[in-house]
Amino acid sequence: MGIKERLQEIVGEGFVNDGAAERYIYSQDMTENITREPIAIVMPETVEEIQSIIKMANETKTPLIPYVTGQNVGGLTIPQVDGSVIVDLRRLNRIIEVDEDAMYALIEPGVTFGHMRKYLDDNHPDLRYAYLLAPPHTSVMANALLQGLGDLSNKHGAMGDFINGLEAVLPTGELVRAGSGIMGDNNWFGRYPLPDLVGLFSGWQGMTGIVTKVAVQLWPKPPILTHVALFTFGEKETADLLIEIGKKQIVENADCMSLSIIKMLLDVSFPVQTYDGEPDFGTVIAISGNTEVEVAEKIVVLNQIVHEAKQTDSRHLLVTWDAIAKLMGDQANAWVNFPSDAFKVLAEFDGLTWCGAYFHPKNWGTALAGGREIVERHGFELMAFLKPMNSMHFGELKFIIRFPKDDETLNRVRKCNEELFDFALDLNAIPYKTPVWAAKKMHERIDPGFLKLIKKIKETLDPNNIFNPGRWGL
Amino acid sequence: MVSTTPDFIGTILAQLLEKQLSDPKMLAKVQRWKMKVILDTNFYPVSMIFDDGLKIQKGVVDAPTLRVFMTFDTLIDLVKATKSPVGAVLSGDLKIKGLFRHPLATYRFYKLIVSALRG
């Protein structure tokens with residue numbers, strides 16, 4: 001019996017596909033990363049089915065690539081070796097439990113951000129989960145396991161920090177738990193004090209098994225939430241101002257972006273150019289509180305900081321949202337919700353990519369300026385995005401490129417991203433959603449002990465190397 | 001109705017004025033105007049050329065009818081109506097070169113821009 005037939009036996013005929021069209025779709029994502037077709041796609045619905053698939057894969061030495069909705073924009077679900085099977089987890093899509101006291105949700109891989117928001121709004125209106133910087137049909141679990149970011153990351157850190165615990169099927173088929181859920185159901189309140197085994201799955205890009213449930217932290221919805229916009233000039237000046245604002249701990253969220261992105265939201269057509277005299281950056285800042293007075297006082301502090309920055313450059317400008325709404329009309333909402341509402345323009349072509357990394361705050365200004373020079377030299381739109389994270393302990397910076405996937409542009413994108421990546425590594429940044437080519441570059445620079453350790457862990461957990469082989473250059 | 005260079009201020013002004021000029025009566029009126037206005041902010045100047053329609057372009061045109069000076073902070077105050085245009089002129093936050101030579105153009109521009117900024 002062939003692999004296809006064995007998979008069909010496990011999940012049923014309707015949930016295995018090896019058609020040319022399907023293999024083509026799963027061979028790529030929107031990025032410039034090299035494509036490779038899987039031999040089949042299987043869509044399990046239960047943990048038992050996943051265990052059976054893994055058992056079969058170990059017997060036949062079939063590589064497995066965990067996949068949910070393919071929105072990672074990092075080439076992370078593209079098989080690195082021939083003969084791979086994509087394990088599409090979208091049918092596991094239950095929100096199993098929401099605990100209002102300990103404020104967490106236990107969910108399956110296929111639960112999306114759109115799904116989660118609607119469910120919480122309908123059933124637990126006082127609670128919220130972070131909202132991400134991607135389309136609403138992105139998997140909550142994948143975003144958390146990839147240590148991505150959302151609109152609460154400014155305060156609470158990367159989404160990996162939102163994980164309270166998880167259940168996973170190991171590459172050898174055993175079902176395990178990590179976090180306080182080891183004491184039984186309805187108990188997913190946290191990860192400590194324990195050996196933190198969530199770390200065996202978080203940040204591994206699907207190399208260490210399939211996570212079948214994850215408990216993620218929810219947060220109270222603040223009674224008052226408002227936004228202001230900050231327009232700034234100069235890379236270093238902008239970075240310094242954001243650091244100053246961040247350290248006051250008054251801001252719920254701050255998304256700083258090149259003005260080109262805001263102009264793109266205002267329907268300026270491709271390619272969006274920059275002009276002398278325009279602000280370099282627009283930052284949308286969310287401020288929340290329990291009362292109007294609390295929010296107003298936070299805005300007073302914000303005004304003071306900007307007022308001080310104006311002594312150096314009087315053009316820096318803080319604008320309340322009522323004015324932004326008048327100036328930008330409906331597009332003001334698209335700015336607040338960037339890039340969810342803007343995805344149609346970001347995805348104007350068939351190609352979309354970014355080179356992003358987590359940076360030490362001291363390097364933000366240099367990174368913004370150096371990245372700008374690289375992107376402009378390669379002839380792409382300037383679309384930098386900087387998000388201070390974890391109460392200002394670090395920040396995510398990326399340069400977004402939308403592009404048509406013709407050969408010439410693909411090559412140009414690859415060169416540009418490679419240069420951006422080298423530049424980020426020179427600043428000791430940690431690349432985010434690292435594609436394989438980039439991970440290999442990291443190997444040359446990172447602590448050799450770390451590399452040896454992750455290889456050892458991978459070999460121990462996955463002796464047949466069936467889980468996403470080649471990923472992260474391992 | 002309104003054409004513009006794709007700069008930040010031009011794009012915003014064009015969107016605001018498009019809304020005003022979607023009123024056919026207003027459009028008919030504005031299409032009869034012949035004047036050039038420079039809006040000179042602390043970001044950069046844009047020129048608004050009224051000539052059988054409206055063209056907005058980044059930079060300064062020759063021989064403007066009016067030249068309006070204000071910072072972007074003042075512009076935002078006008079948008080939020082925390083400052084009136086007359087108040088801004090009186091306080092010196094808004095200066096208009098050509099005010100006395102072209103009172104009709106000033107009046108027309110004032111009416112159009114205030115209604116556009118206030119939405």
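The contact between the two chains takes 16 residues from chain B and 20 residues from chain A, where two residues are in contact if their C-beta atoms, placed from the backbone, lie within 7 Å. On the side of chain B that touches chain A, α1 and α3 (72-80) of chain B each supply at least two residues, and the largest share, five residues, comes from α3(B). By class, this side of chain B has eight nonpolar, four polar and four charged residues; Ala, Val, Leu, Ile, Met, Phe, Trp, Tyr, Cys and Pro count as nonpolar, Asp, Glu, Lys and Arg as charged, and the others, Gly among them, as polar.

This is a predicted model, in which local features need pLDDT of at least 70 and side-chain atom pairs count only at pLDDT 80 or more, while totals for chains, interfaces and linings use all residues. Residues are numbered from 1 along each chain as its sequence is written, and chains are lettered from A and ligands numbered from 1 in the order in which they are written.

Within chain B, helix α1 (residues 8-21) packs against helix α5 (residues 103-118) at an angle of about 105°, their axes being 9 Å apart; helices are DSSP runs (H or I, at least four residues) numbered from the N terminus, and axes are lines fitted to C-alpha atoms over the stretch in contact, with angles running from 0 to 180 degrees between N-to-C directions. Leu16(B), Leu17(B) and Gln20(B) of α1(B) meet Leu112(B), Ser115(B), Ala116(B) and Leu117(B) of α5(B), a set that divides into five nonpolar, two polar and no charged residues.
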